[in-house]
Amino acid sequence: MSMFAAERNEVMESSGKDVVILAIESSCDETAAAVVRNGREVLSNVISSQIALHTLYGGVVPEIASRKHIEKINQVIEEALSRAEVTLAEVDAIAVTYGPGLVGALLVGVAEAKAIAYAAGKPLIGVHHIEGHINANYIENKELEPPFLCLVVSGGHTHLVKVADYGKYEILGRTRDDAAGEAFDKVARAIGLGYPGGPKIEKVSREGNAEAIAFPRAKVAENAYDFSFSGVKSAVLNYINGCNMKNIPIVQADIAASFQKAVTDVLIEHAMMAVEEYQVNKFAIAGGVASNSVLREGMREACEKRNVQFYHPAPILCTDNAAMIGTAAYYEYLAGRCDGWDLNAVPNLKLGER
Ligand code: KG4
Ligand code: ZN
């Protein structure tokens, strides 16, 4: 445990008071609310997914996402409070994702959180979405404390991060083009699997041969920790075009498995490079792609080989949810940080910018 964390925990223990946070997340296509006690105890975690709706269009339609959030948000919050058996009066703070994400979608959550916090006289805490994903690791891994390294792989982000302390992040590498999840979604569409691509590629890959097609593993010259996934995506498209021109039948499962292997190999290789350079003995993964079992098993094996403790959230806490926002907000709350009524949605918010 870091000195900082130890001191703070002592303060909380001596006061003996629980901290209960109502958290809201609406940055993309899930309307979510959760009640979290003392950062790591999830009393409720309600997620209303719009996936079925966006599937009709092959991806998230921002305007539809915002409208659906407006329709669902009150109901989702009421359900979160009722499942947790907590009244608004018993809540210590209201937390909300304020970026990055779709601006219209974020605005629904931010406006809602501000209205509730103002009406109930509670502090308001704006949370960075990626910080939420990283903090999802604390929920089931009660012993996990910074410092550790974390690979954040979602539909919008691919970041290799050093978590120096609660709320303190150093970005070692990031994607130069597509995010890992975005590459899964685009390749899934190209091979006729539809949206969302990640889980579908993972499923058909089980029937395929991951060594069947040699897709490229891109390296970025200027920073060895950076990622690039547009090349592997183009290679898949070229491969499909080549097969079509030569009248060779396409084996969907082999393409899926070989693509999945190419992406996860690069993620694991970069992660292990960082482990060796930074000599940190704890490694966590986060974000939607972190629920991928090939990535998890590959990371677990690579970590075990190096005597590094490997952490990951349960799949339901990997994809977007509000419990992770409540956890991140708890550490902000302990640090005495909250926001004013001018909190706004910031679609391109950078990690550690606050
Ligand atoms: O974290 P998330 O729910 O939303 C963002 O913040 O982006 O991540 C969604 C992304 C999508 O691109 C989805 O295809 C991907 O995570 N994903 C997966 C899996 N489950 C979700 N990718 C690979 N394998 C999975 N099992
Ligand atoms: Zn996310």
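Of the 20 residues around ligand 1, which come nearest? They are Gly 155, Asp 185, Gly 198, Glu 202 and Asn 292. The model is a predicted one.

**Contacts of the ligand**

| Residue | Part of the residue | Ligand 1 atom | Distance |
|---|---|---|---|
| Gly 181 | polar backbone atom | oxygen | 3.1 Å |
| Glu 202 | side-chain N or O atom | nitrogen | 2.7 Å |
| Gly 288 | backbone N or O atom | oxygen | 3.0 Å |

On its own, ligand 1 has 560 Å² of accessible area, and the protein covers 90% of it.

**The largest pocket**

The volume of the largest pocket is about 990 Å³. Its lining is made up of 37 residues, and those closest to the pocket centre are Ser 154, Gly 155, Gly 156, Asp 185 and Tyr 195. Sorted by class, the lining holds 16 polar, 12 nonpolar and nine charged residues.

Three helices, α5 (129–140), α6 (180–190) and α7 (197–205), supply at least two lining residues each. The most comes from α6, which gives six residues.

**The cavity**

The structure has one cavity of 30 Å³ or more. The space in the largest cavity comes to about 30 Å³. Its lining consists of Pro 216, Arg 217, Ala 218, Ser 228, Phe 229, Val 232, Ala 262 and Val 266. By class, six of these residues are nonpolar, one is polar and one is charged.

**Backbone details**

Two cis peptide bonds can be described here. One joins Pro 146 and Pro 147, with omega about 5°; Pro 147 is placed in the loop between α5 and β6 (148–153). Another runs from Tyr 195 to Pro 196, with omega near -10°. Pro 196 is in the loop between α6 and α7, and Tyr 195 is among the residues closest to the centre of the largest pocket.

Which residue has a positive phi although it is not a glycine? This is Gln 279, where phi is about 50°. Gln 279 sits in the loop between α9 (252–278) and β9 (282–286).

Key:
Residues are numbered from 1 along each chain as its sequence is written. Chains are lettered from A and ligands numbered from 1 in the order in which they are written. This is a predicted model: local features need pLDDT of at least 70, side-chain atom pairs count only at pLDDT 80 or more; totals for chains, interfaces and linings use all residues. Side-chain values use heavy atoms; hydrogens and water are left out. On a 1 Å grid over the protein atoms alone, a cavity is a set of points where a 1.4 Å probe fits but cannot get out, and a pocket is an open set with protein on both sides within 12 Å along at least five of seven lines; lining residues have an atom within 4 Å of a point. Grid points are joined across faces, edges and corners, and a volume is the space filled by probe spheres set on the points. Helices (H or I, at least four residues) and strands (E, at least two) are DSSP runs, numbered from the N terminus. Ala, Val, Leu, Ile, Met, Phe, Trp, Tyr, Cys and Pro count as nonpolar, Asp, Glu, Lys and Arg as charged, and the others, Gly among them, as polar. A residue is near a molecule or strand if one of its heavy atoms lies within 4 Å of it. A polar contact is a pair of N or O atoms within 3.5 Å; within protein, one must be able to donate a hydrogen and the other to accept it, and residues adjacent in sequence count only if both atoms are side-chain atoms. Accessible areas come from the Shrake-Rupley method with a 1.4 Å probe; for residues, only the protein chains shown count as cover.
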